[in-house]
Amino acid sequence: MDESHEPGLGLDIAAPRPAPGADPYRVLARKYRPQNFTGLIGQEALVRTLRNAFASGRIAHAFMLTGVRGVGKTTTARIIARALNCIGPDGKRTQPSVDPCGECEPCRAIAESRFVDVQEMDAASRTGIDDIREIIEATRYGPAGARYKIYIIDEVHMLSKNAFNGLLKTLEEPPPRVKFIFATTEIRKVPVTVLSRCQRFDLRRIDTEMLVNHLAGIAKTEGIAVQPAALQLIARAAEGSVRDGLSLLDQAIAHQSDENGSEIEAATVRGMLGLADRGRIFDLFERLVAGDIAGALTEFRSLYADGADPLSVMQDLLETTHFLTRVKVAPGAEGFFDGGSAEAARAAALAGKLAVPQLTRCWQMLLKGLIEVRDAANPCPAAEMALIRLAYAADLPSTELLVRKLRDENAAAPASVSAAPRTRDASPPPAMSAPRTSGAVAAPAAMPSASPAKMEAPEEDIRTLDDMVRIARAKGERILAACLETNVHLVAIEPGRIVFRPNAQAPKNLAHDLSRHLQQWTGRRWIVTVAGEGGAPTIVESRLATERARKDAAAQEPFVRAVLDVFPGAEIISVREQEVFEPATPVSDEESNS
């Protein structure tokens, strides 16, 4: 075989070179990065504070910029660096200026990330104390050719604990010509000792309308025609991030580049992002609240076939529910649907037909379904099951109406169910023999008040473990009382002697402390013996067992059992005794005369 014809790997083929004079493409997020504070949108509070600080000469030595992704943290840091080192177009500016010229060498070098006195460090990749030690050593020397030496540390929350500690002293008292600018998306992970040494600025999310106007201006500059509805979709998907919005606009332009320069439509952006049409989302929601399970599943399958992501559909349904609830409680609210759109008019009409409890139930079920769809291996069936549950629940009556109906049915039960009507002369059951509050209305002699002297001398009353707990609380020994309730299994008790088994959580000196306190309380010596086994349940365990027994007994009541059957998954939280007052027996005229 001729070696000259052997197939090669193609490594010797030269890569194609760009055409002469053709610059590499720069994405919109980099091309339209603001170069001064006038181009920084949505951060009016930050800009105002910095302008006043520069004007009065009160410039901090360290800045902490925090906010979500893509709102301008690194951009703001670079603008501050240019403002501190700008020397003006003529090179004669001697003081920092909040409006950098953008023409002098420091301004251009900082914008191109090649200025020797402005160092940027990514704390996500350089997290250790050694990296911070290099900065600390470099701060001993003044700037090479600028007014200030500036260190910009991005994602500063990624620094290690030792790195933060090593930075504290230098950050508190830096050299006069050194400035620090930190940027982070996780401000809570930054130590308080670092935050207290910095001037903090919270960069807010960009409002949707402001972001739409910003994207429209960039599209006009680029000569790209974009529908306003498409820009609205991009701005909503960006979630307040300018960088995300510009990246999505870049993607939409590339997606539409094969259409001979035609206008970018909302349907194109919706298909690119995997979103569902809002009108169709509202159709799906109407079928769900109407209980039309088959129609809802058909509509969902149609959305899925058109490229809608099941998770996005669930999120849109949640936003629809939230918008309807806001319209219900605050008419005129704006949200998921545009104020003047046809969907907004449909939403206002539907909100008038739905009750707030029904909307809150939809929210809870959709929120649970969203988690299931997110965690499911196959999201589509999980979404269908969530929609089926929601559509099925649409036919259920409200909880208040159902409970009232059950009470009315029990109250209307025929009197023939009982063997004979109860009379005042008949022997009532023990629970109804007397009002539970009879002691409260008895004569004062029936309920003598316990005097403090008796509480202070309870010798003859210590016959049970409950007596010990009661006296311990009266004496202010709450820790001992809690130990007796939770850690003591009583074996035997008699005057002057107690035997108990402590559990694993009991203090080691519990027996000694108990003996000492009992002698102080009773004036006699007590023998406290610790057993290795046996013993009754603790007081807390007994209370829990009694509570469970009460709940089990309450669950067997016909009315409660009916409620539990109607609401699967419901449980009894607590059982309270209801005070029963018997009506006073009317006095006849003959008795009154006698």
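## Basis of the model

Because the model is predicted, local features need pLDDT of at least 70 and side-chain atom pairs count only at pLDDT 80 or more, while totals for chains, interfaces and linings use all residues. Residues are numbered from 1 along each chain as its sequence is written, and side-chain values use heavy atoms, with hydrogens and water left out.

Strand β6 (residues 488–494) and strand β7 (residues 497–502) run antiparallel and are joined by 6 bridges; strands and helices here are DSSP runs (E, at least two residues, for strands; H or I, at least four, for helices) numbered from the N terminus, and two strands pair if DSSP finds at least two bridges between them. Within this pairing, H489 has R501 of β7 as its bridge partner. The hairpin of β6 and β7 has 2 residues between the strands, and G496 takes a positive phi near 90° there.

On to the next pairing: β7 also pairs with strand β8 (residues 527–530), in the parallel sense and over 4 bridges, and R497 stands opposite I527 in β8. Between β7 and β8 the chain passes through helix α23 (residues 510–522), giving a right-handed β-α-β crossover, where right-handed means that, with the strands pointing away from the viewer, the path from the first strand over the helix to the second runs clockwise.

## The cavity

The structure holds 1 cavity of 30 Å³ or more, and the largest cavity has a volume of about 40 Å³. A cavity is a set of points, on a 1 Å grid over the protein atoms alone, where a 1.4 Å probe fits but cannot get out, and lining residues have an atom within 4 Å of a point; grid points are joined across faces, edges and corners, and the volume is the space filled by probe spheres set on the points.

The lining of the largest cavity consists of L288, V289, Q358, R361, C362, L390, A393 and A394. Two or more of the lining residues come from each of α12 (278–289), α16 (356–375) and α17 (379–393), with α16 giving the largest share, 3 residues. By class, the lining divides into 6 nonpolar, 1 polar and 1 charged residue, counting Ala, Val, Leu, Ile, Met, Phe, Trp, Tyr, Cys and Pro as nonpolar, Asp, Glu, Lys and Arg as charged, and the others, Gly among them, as polar.

## Salt bridges

A search of the whole structure finds 29 salt bridges, each defined as a side-chain nitrogen of Lys or Arg within 4 Å of a carboxyl oxygen of Asp or Glu. One of them joins D244 and R69 at 2.6 Å, N to O. D244 lies in helix α10 (residues 242–255) and R69 in the loop between β1 (62–66) and α3 (73–85), so this pair ties together parts that are 175 residues apart in sequence. D244, at 21% relative accessibility, counts as partly exposed (buried means under 20% relative accessible area, exposed over 50%, and partly exposed in between, with a 1.4 Å probe and protein chains only), and R69 is also partly exposed, at 34%.

R287 and E299 meet in a salt bridge at 4.0 Å, N to O; R287 lies in helix α12 and E299 in helix α13 (residues 293–305), so the pair ties together parts that are 12 residues apart in sequence. R287 is partly exposed at 30% relative accessibility, whereas E299 is buried at 14%. In helix α23, D513 and R516 lie 3 residues apart, about one turn of the helix, and their side chains meet in a salt bridge of 3.5 Å, N to O. Elsewhere, E105, R108, E112 and R114 are linked in a network of salt bridges.

Methods: 1 Å grid on protein atoms, 1.4 Å probe; cavity = no way out; pocket = protein on both sides within 12 Å on 5 of 7 lines; lining within 4 Å.
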